[in-house]
Amino acid sequence: MKKMFLVVGAMMALSSAVFAAEPKELKFCTGAEGGFYESFGKQVGSDIKKQGKGLVNVEYINTEGSVSSAQMLKDGDCDIAILQADAVISRSMPADIAISDAHQEAIYWLHSKKGVEDFADLTKDKFKGRGIAIVNGSGAEVTLRNFGIVNKDYKDLNIIGFDDWFSAAKAASEGKIRRAGNDILIAGMIYVGRPGNVSSQITDDFKEDLTIGSIKDSDFTDVKDGNGNPLYVSCKLGESNGLKTDGSWSDPKSLCVRAQIVYNNELFNGMETKSSRDLRKAIDKSIVQNVRQQMAAKK
């Protein structure tokens, strides 16, 4: 009987060891298909898998943008995501998260000759009610809605959503769109992306019709992100992918916002202490290494 207990005990110990060694599935929301967030997320995820030494498998999940990625993180449909910093502070997040700065994104104000050069002019009576084109669920939507939270002068902006950047750019280039039987004047469009790199959906067909305008309201630079750093910082934008700047200035001022990698600490639940510690280290180390590579590539 004693031998039987020893055998059963050994089998249970072996079973526990095998269970503990099984890789954890890490669901990584990387953003829109074909975008920079997707490629950057896959690089980070690949390094996490290498650093984790068999502790983790990575599943990559495409989303419509920061809005849907934030919601999926909140709902537990992904464990880690790349988001704009203003999405991190303005959208519902899990109770316990880790936030790492990734890289800088530029906020572009693009308009046609029929549009408005300076974004701040939208608060003036002359331009109130003009539409601002964005893509639904994109970082541009997050930023515009957050502008209204930061400064009440922008809370009633007329945001006009589209399914893709081509449609948004078309409306901005034409200066108007017809919705529900009414003509709406379009002041311009907001696009958030890597500095110097605007989507080809915009530039391929509309680089002769749209120019880069200005966003320079100082109220936005006082807000802090989830790490206590400035959420928006002033930056200058030159020509991007063939889009020229307004003729009144050669390098218009705009705002830049950080992209951040966020992970839900609940992903470590149920893991033994050593495995949890090793996986956490693998994730943090992979993020740090890839962020450094991004910074080095910019120099």
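Select Cys29 to begin: in this predicted model, Cys29 is buried, with a relative accessible area of 0%, where buried means under 20% relative accessible area, exposed means over 50% and partly exposed lies in between, computed with a 1.4 Å probe on protein chains only. Cys78 can be selected next, and at 1% relative accessibility Cys78 also counts as buried.

Two notes on reading the model belong here. Residues are numbered from 1 along each chain as its sequence is written, and side-chain values use heavy atoms, with hydrogens and water left out. Because the model is predicted, local features need pLDDT of at least 70 and side-chain atom pairs count only at pLDDT 80 or more, whereas totals for chains, interfaces and linings use all residues.

**The disulfide**

Now select Cys235 and Cys256, which a disulfide joins with an S to S distance of 2.2 Å; a disulfide is a pair of cysteine sulfur atoms within 2.5 Å, and by this rule the count comes to one. The pair links distant parts of the chain, with Cys235 in strand 10 (residues 232-236) and Cys256 in strand 12 (residues 253-264), 21 residues apart. Helices (H or I, at least four residues) and strands (E, at least two) are DSSP runs, numbered from the N terminus. The torsion about the S-S bond of Cys235 and Cys256 is about 95°, so the disulfide is right-handed. Cys235 is buried at a relative accessible area of 12%, and Cys256 is buried at 2%.

Continue to Asn241, which lies in the loop between strand 10 and strand 11 (244-245). Asn241 has a positive phi of about 50° although it is not a glycine, and at 34% relative accessibility it counts as partly exposed. The side chain of Asn241 is joined to that of Asn197 by a polar contact of 3.2 Å; a polar contact is a pair of N or O atoms within 3.5 Å, where within protein one must be able to donate a hydrogen and the other to accept it, and residues adjacent in sequence count only if both atoms are side-chain atoms.

Asn197 itself is found in the loop between strand 8 and helix 7 (200-206) and is partly exposed at 40% relative accessibility. Leaving aside neighbours within four places in sequence, Asn197 is in contact (heavy atoms within 4.5 Å) with Tyr108, Tyr191, Ser240 and Asn241. Showing Glu105 as well gives a C-alpha to C-alpha distance of 9.7 Å from Asn197, although the two residues are 92 apart in sequence.

**The nonpolar cores**

Select Phe119, Phe147, Met189 and Ile190, which touch the most other members among the 50 residues of the largest nonpolar core. Such a core is a set of buried Ala, Val, Leu, Ile, Met, Phe, Trp, Tyr and Cys residues joined through side-chain atoms within 4.5 Å. The largest share of this core, seven residues, comes from strand 8 (residues 182-193). Around Phe147, not counting residues up to four places away in sequence, the residues touched are Ile107, Phe119, Tyr154, Ile215, Phe220, Tyr232 and Leu255. A second, separate core of 22 residues includes Leu26, Val56, Ala102 and Tyr263.

Asn151 sits in the loop between helix 5 (139-150) and strand 6 (158-162) and is buried, with a relative accessible area of 7%. A polar atom of the Asn151 side chain lies 2.9 Å from the backbone nitrogen of Asp153, and, beyond neighbours within four places in sequence, Asn151 is in contact with Asp217, Asp219 and Phe220.

Moving to helix 3 (residues 66-75), colour Ser66, Val67, Ser68, Ser69, Ala70 and Leu73, which are buried. What covers the buried residues of helix 3 includes strand 1 (24-31), helix 2 (36-51), strand 3 (80-84), helix 4 (85-90), helix 5 and strand 12. Just after helix 3, Gly76 takes a positive phi of about 85°.

**The whole chain**

Finally, colour the model by pLDDT, the predictor's confidence in each residue from 0 to 100: the mean is 87, and 90% of the residues reach 70 or more. Over residues 2-21 the pLDDT is below 50, and beyond near neighbours in sequence this stretch has three contacts in the model. Where pLDDT is low, the predicted coordinates should not be read in detail. The protein has eight helices and 12 strands, and 48% of its 299 residues count as buried.
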